[in-house]
Amino acid sequence: MLVKVVVLTGAGISAESGLATFRDADGLWQGHHVDDVATPEAFHRDPATVHRFYDDRRRELRSVVPNPAHLALARLEQVLGDELLVVTQNVDDLHERAGSRRVVHMHGELLSALCDSCQGRFAWDDDLGDAPACPGCGNDTLRPDVVWFGEMPYDLDVIERALVEADLFVAIGTSGAVYPAAGFVRMAALAGAKTLELNLDPSETSHLFDDARHGPAGKLVPEWVADVQALSR
Ligand code: BJW
Ligand code: ZN
């Protein structure tokens, strides 16, 4: 029995790999709220601070590895193939490194740079704070290729099509505090999908899901994937 599944992941799935979430604990980066460093206004006001935030996180990626939750989703793709789409809000590359291939990064990627002059997007694994030249146009106008508040997330057309066709929507490790991702559960449910939340604790949108399991993703996701694998045999 193959079903169409859309999995939405957030910072919580990468927490056990050692990457900080946005809204747990004090939710601060060197005294800044995410809202202070993740807006176009913050970047124009203080580009050095915003570059430092992203350059630090890009460097940190080199020292972390996928955890059992990322690996379980890659195993699920082996079973479901094209019937699984992972939509991640995360800008890390841990899903890809775990082996997932059908991944959409709706909030962009740390390992990509976007040029404010020519709008080119370039694979990038170095710092951006030292004003490197854009490979496309030569200007020193590269910025992190991430989606800040007030900007349009990537690939919403692909995501919305998958949501209306889905039989099952699963949100993993996301607080449900940021739209449009926080609205995907309603969209999928309205189109007829069953919905499941896997999160450390109840999210802001927990009440909208048909079912919710609470605990660490590194335990819950492999258990859920094993359930799906058993049903698919
Ligand atoms: C664990 C765990 C473990 C911990 N195991 N779990 C409608 C209503 C109100 C406002 C709006 C609205 N529509 C749009 C807005 C405005 C705005 C918005 O949502 N504002 C809110 C603050 C209210 N949205 C936007 O501006 C978006 N753009 C937009 O809407 O464009 C126009 C549009 C209109 C209509 C349709 C479509 C488009 C853009 C949002 C961009 C967000 N950008 C950031 C930064 C990205 C780059 C970066 O990484 O720095 O994205 S902000 C930050 O939040 C980041 C994340 O992807 C995002 C979500 O955070 P996430 O992943 O949920 O993390 P946390 O920390 O919040 O939660 C972690 C969870 O994990 C917790 O629940 C823990 O319990 C759990 N956890 N350890 C399992 N081990
Ligand atoms: Zn350029």
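Me: How far apart do the centres of the positive and negative side chains lie?
Reply: Bear in mind that this is a predicted model. The chain carries 20 positive and 37 negative side chains.

Me: What share of the contacts with a separation of 6 or more comes from residues 24 or more positions apart?
Reply: For background, 51% of the 233 residues count as buried. The accessible surface comes to about 11000 Å², with 51% of it belonging to carbon and sulfur atoms. As for the contacts with a separation of 6 or more, the share from residues 24 or more positions apart is 64%.

Me: Which element gives the most to the largest nonpolar core?
Reply: That core has 23 residues, and V7, I172, V221 and W224 have the most contacts inside it. Elements supplying at least two residues each include β1 (5-9), α5 (68-80), β4 (84-88), β9 (168-172) and β10 (194-199). With 6 residues, the one that gives the most is α9.

Me: Which residues is V7 in contact with, once its neighbours within four places in sequence are left aside?
Reply: V7 is one of the residues with the most contacts inside the largest core. Another core, of 19 residues, lies apart from that one, and L8 is among its members. Back to V7: its contacts beyond the sequence neighbours are L73, L84, L85, V86, V87, V170, I172 and W224.

Me: Is H70 buried or exposed?
Reply: Its place is in helix α5. Leaving out residues up to four places away in sequence, H70 touches I13, S14, S17, L94, H95 and A98. Buried means under 20% relative accessible area. H70 has 0%, so it is buried.

Me: And C134, buried or exposed?
Reply: This one sits in the loop between β7 (121-123) and β8 (142-146). Not counting residues up to four places away in sequence, C134 touches C115, C118, F122, N139 and L142. Its relative accessibility is 4%, so C134 counts as buried.

Me: How far apart in space are C134 and Q119, C-alpha to C-alpha?
Reply: Q119 lies in the loop between β6 (108-115) and β7. Its phi is near 65°, a positive value in a residue other than glycine. Along the sequence, C134 and Q119 are 15 residues apart, and in space the C-alpha distance is 10 Å.

Me: What about D155: what is its phi?
Reply: D155 is found in the loop between β8 and α7 (156-165). Its relative accessibility is 38%, so D155 counts as partly exposed. Most residues other than glycine have a negative phi. D155 is not a glycine, yet its phi is positive, at about 60°.

Me: Which peptide bond is cis, with omega near 5°?
Reply: Most peptide bonds are trans. The bond with omega near 5° runs from Y179 to P180.

Me: Last one: what separates the C-alpha atoms of A25 and F149?
Reply: A25 is found in the loop between α1 (11-15) and β2 (28-29). It counts as exposed, at 85% relative accessibility. A25 and F149 are 124 residues apart along the chain, and their C-alpha atoms are separated by 21 Å.

Technical notes
Residues are numbered from 1 along each chain as its sequence is written. Chains are lettered from A and ligands numbered from 1 in the order in which they are written. This is a predicted model: local features need pLDDT of at least 70, side-chain atom pairs count only at pLDDT 80 or more; totals for chains, interfaces and linings use all residues. Side-chain values use heavy atoms; hydrogens and water are left out. Buried means under 20% relative accessible area, exposed over 50%, partly exposed in between (1.4 Å probe, protein chains only). Contact means heavy atoms within 4.5 Å. Accessible areas come from the Shrake-Rupley method with a 1.4 Å probe; for residues, only the protein chains shown count as cover. Lys and Arg count as positive and Asp and Glu as negative; His and the chain ends are not counted. The place of a charge is taken as NZ of Lys, CZ of Arg, CG of Asp or CD of Glu. A nonpolar core is a set of buried Ala, Val, Leu, Ile, Met, Phe, Trp, Tyr and Cys residues joined through side-chain atoms within 4.5 Å. Helices (H or I, at least four residues) and strands (E, at least two) are DSSP runs, numbered from the N terminus.
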